[in-house]
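Here's a quick tour of a model, starting with the space inside and then moving on to strands and helices. Have a look at the structure first.

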Amino acid sequence: MVSLPPPRTTELHYDGAWNPVRVRESTPVEITRGLAGKGTRAEPAVTEMTLGNRHGEVSAHDPTSALYGKIGRNTPLRFSVDAGGPHLNFPTSGSPLVSTPDHASLGVAGDLDVRIDVAPNSWADTAALVSRHRFTASQVHFVLLVGQNGVLQLLWSPTGTTGAQRYVTATAPVPCYDGQRVVLRATLDINNGSGGCTARFSYARTLDSALWLPIGDPVTQVGTTSVFDGTAPLDLGDSDLSVTPDGLTGLGRVQGRIHGAQVYDGTTLKVDVRPETQAAPGAARFTDDAGRVWTLTGSAALTNRHIRLEGEVPAWPPERHLSGNDSTVTIAPAGIMRRLGIGKRPLDSAIRRYLTAAGPVECWPLTDGAEATSGAPLIGTAPVQVLSSSRPAWAGGELADWVEPVLNVNVLAKVVAPAPSSALMATDWSVDWSFSQLESVLLASVWERSSSGRTWNLTFDPALGTVELVSYIPTGGGGSLGTVNAAVYDDRPHHIRLRTSSGGGTASWWLYIDGVQVLTGVELLDAGPPMSVEWVCGLTGSFTSMALGYVTLWGPSAPAAADVYQALSGHPGETAGARVSRVAAEQGVPLSLDGEAALTTPLGVQKQEVFLDTLEVGSKADMGLLLERRDTRALLYRARHTLYSQAPILTLDVTDGVIAGEFRPVDDDRLPRNKVTARRAGGSEHTAVETTGRLSVQDPPLGIGEYEESDTYSLAADEQTIGQAWWRLHVGLHGGLRYPRVTVDLANPRGYALANAILAADIGDLLRLQNLPREYGHGHVDLLIRGYTEKISDKRWQITFTCDPGGPWAVGIYDDPVRGKCDAAYSQLTSGITATATSFSVTTTAGLPWITSAGEFPIDITIGGEEMRATGITGAASPQTFNVVRSTNGVVKSHAAAAPVTVARPAVYAL
């Protein structure tokens, strides 16, 4: 039984390092993380602990304290426990290595399959992961490594020589964030049947996972191959290979953690390294289950330390005991969401943030207030002037409702933006501006700072729907450079760019409208840098109005015009993963993305909202989870697709006594939703309704009555509302019992035996309950972890997980023997069957009959709550004969004629 409190370490970060601090052991530490309600955004992690301060060790307000000026508001704090079996830790220095010598059992005669359970500090660092390689002795077997930009490579040699070695490179990087624990896998089919060999890269969350997600596409090479079997040792975390196989960069060693590794010869497991069950913390060597001895050298170490919280201390309230003999400081460290969510104004518009980060030579946003008399620059000192006998409407123009109000030119006027003198624009410059609601003829001019005095003039004519570019030189020369039809005369935001590049006595030029190049050419004479940018409003003697903003000057490093227009448009179509990553980066907030941005939901325009709300807009539409990382002060976005069809991170057998406290399922109507309306912000909507079945909108007993949900989401297109509505309906139709809280007791030896899995479980992971009492239902129950509370003291160590049903998140998997089978439309027993019948007739009343191909079996089916395993089906048409193994979930009963027959775990089409 574990001693209480468990070994725990509390550290404060100051002087550039983590430093231990003393916590009163008698004081409980309670950590709460995760989501409190139904939303997709977590609450800030919170805890409370009492620090001893008898000698002024942590007196933040006492000038005589050793830590005065080093700790204060939002000082980083890290809390860890030592528990369970160890993992391999590879520090950044000290040449860490874990190795086992050559043995006959290490050889691979057929297809190669290498897997490693790893959590590197950075995927940008090249590193050898699993290596059997000694090039000086011509003992090149294979190496699995991370190359440039987080891209996996697999190297091998058929003969052991470097001259014969071959390698393949994954077609996509590892889709994981720095520090994330993941199992990487590389397989090499040495003979693909077509005269070649094929390598595949994939990843999963556990070594034993049944679901492996591909990393890029299969890579095929001409010529069959083999893997050399010689005498090299097998290394983890390093290799004597010093350069990546492609020769592009040096090859380093792993910096981070390794939790396990496997090597297969075809389907035969040859190496199975799992330090958690095979090693002891602090040991210098360990023996795996096959009898191979693994030796740690350099700074490699076996440690069972688990970070349970890294947060910030917002306050340091001292407390002196009335006797005067003791002093403490009770602190309440919290996750970074607490600080990020305090007193924040809405973010600037996407275009303003983009331009600020891009670093133009100059930008005049023209977003000045209603009482302004000129337009202030973001850089420099010269303002934009409006020369007119009447006052224009400052802050009266609208480019779009997601952009700050801009200048509304509603009078006959000249608007002049004086360009600063900058060497950056000497030979290559661009001028951008954005406008909307242009209703009258307008002349826009860029005056050169050159001896020729050239002017580049753009004439906008709403009546003709055209834009004409003219080069005018006072001493003669120039002329019309082209006229284009342009759909810019409406109330939407539009972007214009004029760019020139000079050299050798000529000036190349380009004109872009809304990010698309519409004209280009070459003019005589070098173009000088811009001296001023002007707009003459009312060439025809009258002028209606125009919204004008974000006049920007660039040197040679201007971003693409299409990217600027995308920002002006509010990044429509940007995926949720891309948006949360971009906005966090713009804000300087570290954010890790769990999943692939390209697989997340495309969003609508980015509105002006506070920082965390902006991120939550993405998580709400994607149904992912916006969280805080546990191991570092950073946000984490866990994309929706990472919640699909997970292997359980933790399995609890109810009969083992590992569940503590009150364990009571709930049968209520808090979660069911049988009518769901998904509305696109600014667009259309779609309603999904469950019209039949026991959870339908029909009145009881045919259904449960109407349970409606309606909400608005940021979506890129109206048609997305269809999938949104039906997927949310699917999630809301879970009809089983709910298990909102599951408590495990780590002070119980049976619970402590699961310490590694319990402490690895985090928000969004799957928890499985098995061997439940009969009245709770048969078979296992999967739960999706939404949060937890951990209580650690000298008398208790418990973790209570708060959960939602996990069953709805089990989606179809192509070609999977269980999740890859679609349900039949309408099938039922032709006649009643006894509790022991192993062959019976099934009638399909609509749709196609059941499949009969031998290779598709077994198929798990359900009849009246009893699961059966169909080992074969005969008959090309309905009715068909099923041959089954009965009662695979423990339910034994007879069934009446017309009882529905369904696939037990049918493939569900995911959003």
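## The largest cavity

Lining the largest cavity are Pro-120, Asn-121, Ser-122, Trp-123, Asp-125, Ala-127, Leu-129, Val-146, Arg-253, Val-254 and Gln-255. Sort those lining residues by class and you get six nonpolar, three polar and two charged. Keep in mind that this is a predicted model.

How much space lies in the largest cavity? About 70 Å³. Searching the whole structure turns up four cavities of 30 Å³ or more.

## An open sheet

Now for the strands. Eight of them make up an open sheet with antiparallel pairing, and their order is β12-β11-β10-β9-β17-β7-β21-β20. At the edges stand β12 (166-169) and β20 (285-287); each has a single partner strand, so one side of each is left without a neighbour in the sheet. From one strand to the next, the twist averages 15 degrees.

Zoom in on β9 (residues 127-134) and β17 (residues 234-236): they run antiparallel and are joined by two bridges. Which residue in β17 is the bridge partner of Ser-131? That's Asp-235.

## Two helices packing

Helix α3 (residues 350-358) packs with helix α4 (residues 561-568) at an angle of about 140 degrees, and their axes are 7 Å apart. On the α3 side, the contact involves Ala-350, Ile-351, Tyr-354 and Leu-355, which meet Asp-563, Val-564, Ala-567 and Leu-568 in α4. By class, that contact counts seven nonpolar residues, one charged and no polar ones.

Terms used
Residues numbered from 1 in each chain as written. Predicted model: local features only at pLDDT ≥ 70, side-chain atom pairs only at ≥ 80, totals over all residues. Heavy atoms only, no water. Pairing = 2+ DSSP bridges. Helix = DSSP H or I, 4+ residues; strand = E, 2+ residues; numbered from the N terminus. Axes fitted to C-alpha atoms, helices over the stretch in contact; angles between N-to-C directions. 1 Å grid on protein atoms, 1.4 Å probe; cavity = no way out; pocket = protein on both sides within 12 Å on 5 of 7 lines; lining within 4 Å. Points joined across faces, edges and corners; volume = space filled by probe spheres on them. Nonpolar A, V, L, I, M, F, W, Y, C, P; charged D, E, K, R; others polar. Contact = heavy atoms within 4.5 Å.
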